[in-house]
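Good morning, and thank you for coming.

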Amino acid sequence: DTPILMLTARSSVDDKVVGLDAGADDYMTKPFSPKELMARIRALTRRQGEPVMEKMVCGELTLDLNMCVLCEGERSTRLSFKEFEIMRILMASSGYSVSKEELLLKVWGYESDATENNVEAYISFLRKKLMFIKSSYEINSIRKIGYILEKKL
């Protein structure tokens, strides 16, 4: 469902035909105008529509993206905005570690005065909420690397 715009130096008609037949939705050649590029991107996304996700699922763990609710089985708990953003990132990165620095940038932003202590505090809140809903998942620390959401052993 992702729109594809080819941006290339190849400008012959045959190259354009090959690119479009290979699956591209649009084809632009260099040099290009940034204004035209942005207009084409807007047109492509307008046609495609935006995918609407209502929930994220990681095994039995579910995160409701509209209500900021984390649940597993019959138990659920509401998350604060920061808790929700951290959990969303951890679930999207399932099986991979996420560094404190990445969480700081994605959740608090570049201009924030937040520190790694803020991340640690919110991870602690999330761990307690996972225990509250008796989740089969836990947030583990990987020393000098970051955090990972994993199924309990």
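**Helices, sheet and crossover**

Helices α3 and α5 are roughly perpendicular to each other, because their axes cross at roughly 80 degrees. In this classification, angles under 35 degrees count as roughly parallel, over 145 as roughly antiparallel, 65 to 115 as roughly perpendicular and the rest as oblique. The axes of α3 and α5 come within 10 Å. Axes are lines fitted to C-alpha atoms, for helices over the stretch in contact, and angles run from 0 to 180 degrees between N-to-C directions.

Before I continue, a word on the source: this is a predicted model, in which local features need pLDDT of at least 70 and side-chain atom pairs count only at pLDDT 80 or more, while totals for chains, interfaces and linings use all residues. Residues are numbered from 1 along each chain as its sequence is written, and side-chain values use heavy atoms, with hydrogens and water left out. Helices (H or I, at least four residues) and strands (E, at least two) are DSSP runs, numbered from the N terminus.

Which residues bring α3 and α5 together? From α3 they are Lys 82, Glu 83, Ile 86, Met 87 and Leu 90, and from α5 they are Tyr 122, Ile 123, Phe 125, Leu 126, Lys 129 and Leu 130. Contact here means heavy atoms within 4.5 Å. By class, this contact has eight nonpolar, no polar and three charged residues. Ala, Val, Leu, Ile, Met, Phe, Trp, Tyr, Cys and Pro count as nonpolar, Asp, Glu, Lys and Arg as charged, and the others, Gly among them, as polar.

I turn next to helix α4, residues 100–108. Its axis and that of α3 come within 10 Å and cross at roughly 130 degrees. The angle makes α3 oblique to α4. On the α3 side, Lys 82, Glu 85, Ile 86 and Ile 89 take part, and they meet Leu 103, Lys 106, Val 107 and Trp 108 of α4. Five nonpolar, no polar and three charged residues make up the contact of α3 with α4.

How do α4 and α5 cross? Their axes come within 9 Å, at an angle of roughly 90 degrees. This makes α4 roughly perpendicular to α5. The α4 residues in the contact are Lys 100, Glu 101, Leu 103, Leu 104 and Trp 108, and those of α5 are Glu 116, Asn 118, Val 119, Glu 120, Tyr 122 and Ile 123. They divide into six nonpolar, one polar and four charged.

Now to the sheet. Four strands form an open sheet with antiparallel pairing, in the order β3-β4-β5-β6; two strands pair if DSSP finds at least two bridges between them. Strands β3 (55–58) and β6 (75–78) stand at the edges with a single partner strand each, so one side of each has no neighbour in the sheet. From one strand to the next, the twist averages 15 degrees. Strand β5 (residues 69–72) is joined to β6 by four bridges, and Cys 71 has Ser 76 in β6 as its bridge partner.

Helix α3 (residues 81–92) lies across β3, β4 (61–64), β5 and β6, at about 130 degrees to β4. Helix α5 (residues 116–132) lies across β4, β5 and β6, at about 155 degrees to β6.

Elsewhere, strands β1 (residues 5–8) and β2 (residues 26–29) run parallel and are joined by four bridges. Thr 8 is partnered by Thr 29 in β2. Between β1 and β2 the chain passes through helix α1 (residues 13–21) in a right-handed β-α-β crossover; right-handed is the term if, with the strands pointing away from the viewer, the path from the first strand over the helix to the second runs clockwise. Leu 5 stands opposite Asp 26 in β2.

Finally, some backbone details. Most residues other than glycine have a negative phi, and most peptide bonds are trans. The peptide bond from Lys 30 to Pro 31 is cis, with omega near -5 degrees, and Pro 31 is found in the loop between β2 and α2 (34–48). Lys 134, which is not a glycine, has a positive phi of about 55 degrees and is placed in the loop between α5 and β7 (137–142). Strands β7 and β8 (residues 146–151) pair in the antiparallel sense over six bridges. Their hairpin has three residues between the strands, and Lys 144 takes a positive phi near 65 degrees there.
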